[in-house]
Each structure stands twice: as C-alpha cells, then as structure tokens.
Amino acid sequence: MRTVLVTGAGGAGRTTVAAATAVTAAAPGRRVLLLSADRGGALERVLGTDTATGPVPLPVPAVPGLWAGRIDPAASFRADAMELQGRVGALLDLLGAAPLDPEELTELPGAEPLALLRALRDTADGWDLVVADLPPVRAALAALALPEQLRRYLARLLPEQRQAARALRPVLAQLAGVPAPGPWAYEAAARADRELAAAQAVVEDAATTVRLVVEPGAHAAEAVRHARAGLALHGHRLEAVVANRLLPAHSPDPWLAELSGVQRKELRALRAEIADTGTALHELPHLGREPRGTGDLARLGAEPPAPAAEGPATPPWTTEDRLAAEGHFLWRLPLPGALRDTVDLVRRGDELVVDAEGHRRILPLPSALRRCTVEGAALRDGALQVRFVPDPALWPR
C-alpha cells in the first residue's frame with residue numbers, strides 16, 4: 001500500500017492539496033482513501049458534498065475509486081477508554097469504584113494524535129493508496145514520532161525481561177516495601193507495544209512519503225528549510241513541496257502583477273532550497289476562488305504520487321568503517337536545511353540525543369558504536385557526522 005502524508009504551514013491549503021492529490025490518483029479499479037484530521041468540515045466543503053464524513057469511509061460519488069473518511073478523536077478516545085475499563089473491571093470492583101458510562105467520557109489532551117495513529121494503523125490494508133491530510137508540520141511531526149517515543153518509554157518502565165521473574169515478585173515486594181507490577185501491567189504494556197509497532201510500521205514504511213504544502217509568500221523557503229530538517233531527523237521521506245495558490249505570471253492589473261512577482265521570487269528560492277535533493281516542486285494555480293467540488297480539484301492538476309519504493313525502509317543514518325585508514329567509525333545522519341547553531345548532540349549510554357531546528361529525537365546506536373566513545377562531531381554538507389573511536393576497555397582485542 002502507498003501512503004502519502006500531506007502537511008505544511010497553517011492556512012496553506014493542506015486539505016485542498018490532499019483532496020486534489022486523491023482525486024487525480026483515483027481511477028476505476030483502484031481504491032484510494034482520503035483521510036482527514038480536520039474537524040471543521042473543511043473536507044466536506046472541498047469535496048462539495050453534503051454528506052458528513054466520519055470514521056467509516058464513504059465513497060465519493062463523482063470520482064470512481066475514491067473514498068473519504070474523517071478521524072474522530074472523541075469517538076476513538078471513548079472506544080479506547082471503554083476497552084481499558086473492561087480489561088481492568090475486576091480491579092475497579094475490588095476498589096469499589098463505579099465504572100464510567102460512555103456518555104461521561106470526553107477526550108483528554110493528546111487524544112487527537114493517538115486517533116491519527118490509530119487511523120493510519122487501521123487503514124494499512126485494503127487500499128491501494130491512502131492520502132492523509134495531517135495537521136501543520138510541527139504538530140504532524142510530533143504525532144508521527146509518538147509510536148517510537150511511547151515504545152521506548154514502555155521498554156524502560158516495564159521491560160519485558162522483568163516479567164520472567166514472577167517467582168521473585170513477592171520477595172522483591174517485601175524487600176522494596178512497594179507492590180511489584182502484576183501480570184496485567186505487563187500484558188497491557190505488551191498489547192500497547194504491538195499496537196504502537198503497527199502504527200510505526202506504516203509511518204516508517206518505504207512506501208510512505210510526505211508532501212509539504214506552502215503558499216509562496218514571504219518566508220516560504222525558510223519554512224521549508226525548517227520542515228526539511230525535522231522530517232529528515234525523524235526519517236520521513238519528503239516526496240514533494242507543493243506551492244499552492246499561484247497567480248498567473250503576467251497580469252495587466254498592477255496589484256496582481258506585483259503579488260505574482262513576489263510569488264515567482266519565492267518560487268526561485270524554493271527551487272534553490274530543494275535543488276539536488278530528489279524532492280519535486282509541484283505548482284498548483286489559484287482558481288480565483290476557493291476550490292469546491294471534485295471538478296475544481298481536478299482542474300488544480302495535482303501530481304499523482306510516484307510508485308511505491310521497493311524493499312524495506314532504510315535507517316535514516318549510516319555507519320562507515322574508517323578504522324583501517326583513519327582509526328574511527330563515521331556515523332552520518334542527513335539533516336538538510338539544519339543550521340549549525342540549531343544542532344546539538346548528547347551521548348547517553350547506548351543512545352544519541354539529537355536536536356535540530358527545535359526538533360528532538362533519541363536514536364539507538366548500532367552495536368559496534370556502543371563499544372566506542374565520541375571523538376567529535378560536525379555538520380557538513382547537510383549531514384551530522386559523528387566520529388566514534390573504539391573504547392579499549394570494551395573493544396575486543
């Protein structure tokens with residue numbers, strides 16, 4: 001399955017671009033799902049339909065092969081909460097707690113990104129293409145990073161290997177003076193880990209790419225630079241930058257001509273920003289009005305997604321063995337667009353904590369580098385390069 005994640009600056013027309021991409025990609029015999037996280041009815045307005053979309057995808061009558069669905073964080077939160085309550089019902093009875101009714105439950109902060117991940121996980125099968133309309137880029141990156149982060153927390157707080165020492169739990173509880181986690185805690189952690197792993201597999205799949213939507217006004221190229229660094233840090237593949245709402249290049253109206261000139265200048269900056277990166281620049285015209293209906297979306301001429309990449313996704317970093325020639329390993333993480341003073345690096349045990357352009361990721365080190373010490377690091381040619389030298393106390397002779 002091919003997945004295209006559409007994000008970008010707030011107000012740049014992400015929902016419109018996502019819908020236009022899905023319309024051009026749909027064809028008889030091909031199943032395309034347009035999935036939106038917007039709650040304000042923007043998806044229905046863009047598609048020109050009076051039927052409200054919801055968690056269950058509905059066909060778009062005017063476009064054979066196209067279905068549309070909307071993520072419902074409130075419903076997703078209620079379903080998860082009721083399921084959890086059902087699994088710990090015996091514990092609630094023991095404590096004398098009254099169970100909550102579905103009508104009492106209102107979503108908590110953080111429910112929206114979890115609902116998004118759940119939707120991506122649940123739509124992993126049955127579709128040829130999923131086009132997901134995501135929140136603005138910073139919120140989208142935070143949501144997409146959740147599976148990796150939460151799985152790391154679970155592994156630290158409830159490591160699987162401790163579950164094996166069941167016979168020692170009563171003794172440890174007496175020695176420590178606090179009860180040890182019961183089997184239900186480990187079972188819940190294992191279940192959560194499986195669900196998070198399924199969502200992470202979709203996000204990190206080689207066939208999952210990102211389209212970044214901008215309106216080419218002032219500072220558009222700067223916004224793309226920031227976004228590229230964050231996407232690269234988290235290993236996301238930027239397929240295209242979409243310049244939306246472009247005015248005609250020549251207009252007899254002086255005001256429109258000046259505005260168009262500003263857009264063309266920013267387009268040149270965008271081309272320079274992504275030159276020689278393999279990222280395409282797509283240009284969508286301004287229709288003189290907000291697109292409404294599948295006819296308008298087709299007239300935008302959005303490029304259909306390229307064929308899916310073959311094979312498993314590759315790690316965002318590489319390790320080069322330079323021991324024989326230079327006495328060190330070179331660990332390389334591409335960070336296109338990152339500036340030197342926004343990049344920070346900390347070694348923490350078997351992990352590297354990397355900050356770039358306000359984004360952070362904790363990366364596990366390959367086994368060989370865990371037995372090394374950091375000799376130095378530099379940001380060169382759009383990549384963070386870290387030198388590791390073998391630690392004599394840990395390196396085999």
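Biologist: How much of the protein chain is made up of buried residues?
Modeller: Buried residues account for 42% of the 397 residues in the protein chain. Keep in mind that this is a predicted model.

Biologist: OK, and how many helices and strands does the chain have?
Modeller: There are 13 helices and 15 strands in the protein chain.

Biologist: What about contacts between residues 24 or more positions apart, what share do they have?
Modeller: They account for 70% of the contacts in the protein chain with a separation of 6 or more.

Biologist: Let's go inside. How many residues are in the largest nonpolar core?
Modeller: The largest nonpolar core has 34 residues. L5, I71, L120, L134, V224 and L270 are the ones with the most contacts inside it.

Biologist: Which elements give two or more residues to this core?
Modeller: Those are α5 (111-122), α6 (137-157), α9 (183-204), β6 (208-214), α10 (220-233), β7 and α11. The one that gives the most is α6, with six residues.

Biologist: You mentioned I71. What is I71 in contact with?
Modeller: Setting aside its neighbours within four places in sequence, I71 is in contact with L35, S36, A37, A115, L116 and A119.

Biologist: And what's in the second core?
Modeller: That separate core has 28 residues, including V23, V63, L66 and A302. As a general point, nonpolar side chains in soluble globular proteins tend to be buried together.

Biologist: Switching to charges. How many salt bridges are there?
Modeller: The count comes to 21 salt bridges. One of them pairs R2 with E239, where the closest N and O atoms are 3.8 Å apart.

Biologist: Where do R2 and E239 lie, and what does the pair tie together?
Modeller: R2 lies in strand β1 and E239 in strand β7 (residues 237-246), so the pair ties together parts that are 237 residues apart in sequence.

Biologist: Are R2 and E239 buried or exposed?
Modeller: Both R2 and E239 are buried. For R2 the relative accessible area is 7%, and buried means under 20%, so R2 falls in that class.

Biologist: What else does the side chain of R2 reach?
Modeller: It reaches the backbone oxygen of A306, at 2.8 Å. Beyond residues up to four places away in sequence, R2 touches D128, L129, V130, A207, T208, T209, E239, P305, A306, P307 and A308.

Biologist: Which residue does E320 meet in a salt bridge?
Modeller: E320 meets R322, with 3.1 Å from N to O. E320 is partly exposed, at a relative accessible area of 40%, and R322 counts as partly exposed too, at 25%.

Biologist: And what about R387, which partner does it have?
Modeller: The side chain of R387 meets that of E375 in a salt bridge, at 3.4 Å from N to O. R387 is in strand β15 (residues 383-390) and E375 in strand β14 (residues 372-380), so this pair ties together parts that are twelve residues apart in sequence. R387 is partly exposed at 26% relative accessibility, and E375 is partly exposed at 46%.

Biologist: Which residues do salt bridges with shared partners join into one network?
Modeller: R121, D122, R191 and E195.

Biologist: Where is H219, and is it buried or exposed?
Modeller: H219 is in the loop between β6 and α10. At 63% relative accessibility, H219 counts as exposed.

Biologist: And R245, what's its phi?
Modeller: R245 has a positive phi of about 60 degrees, and it is not a glycine either. R245 is found in strand β7 and is buried, with a relative accessible area of 17%.

Technical notes:
Residues numbered from 1 in each chain as written. Predicted model: local features only at pLDDT ≥ 70, side-chain atom pairs only at ≥ 80, totals over all residues. Heavy atoms only, no water. Buried < 20%, exposed > 50% of the residue type's maximum accessible area, 1.4 Å probe, protein only. Polar contact = N/O pair within 3.5 Å; in protein donor to acceptor, adjacent residues only side chain to side chain. Contact = heavy atoms within 4.5 Å. Salt bridge = Lys/Arg side-chain N within 4 Å of Asp/Glu carboxyl O. Helix = DSSP H or I, 4+ residues; strand = E, 2+ residues; numbered from the N terminus. Core = buried A, V, L, I, M, F, W, Y, C linked by side-chain atoms within 4.5 Å.
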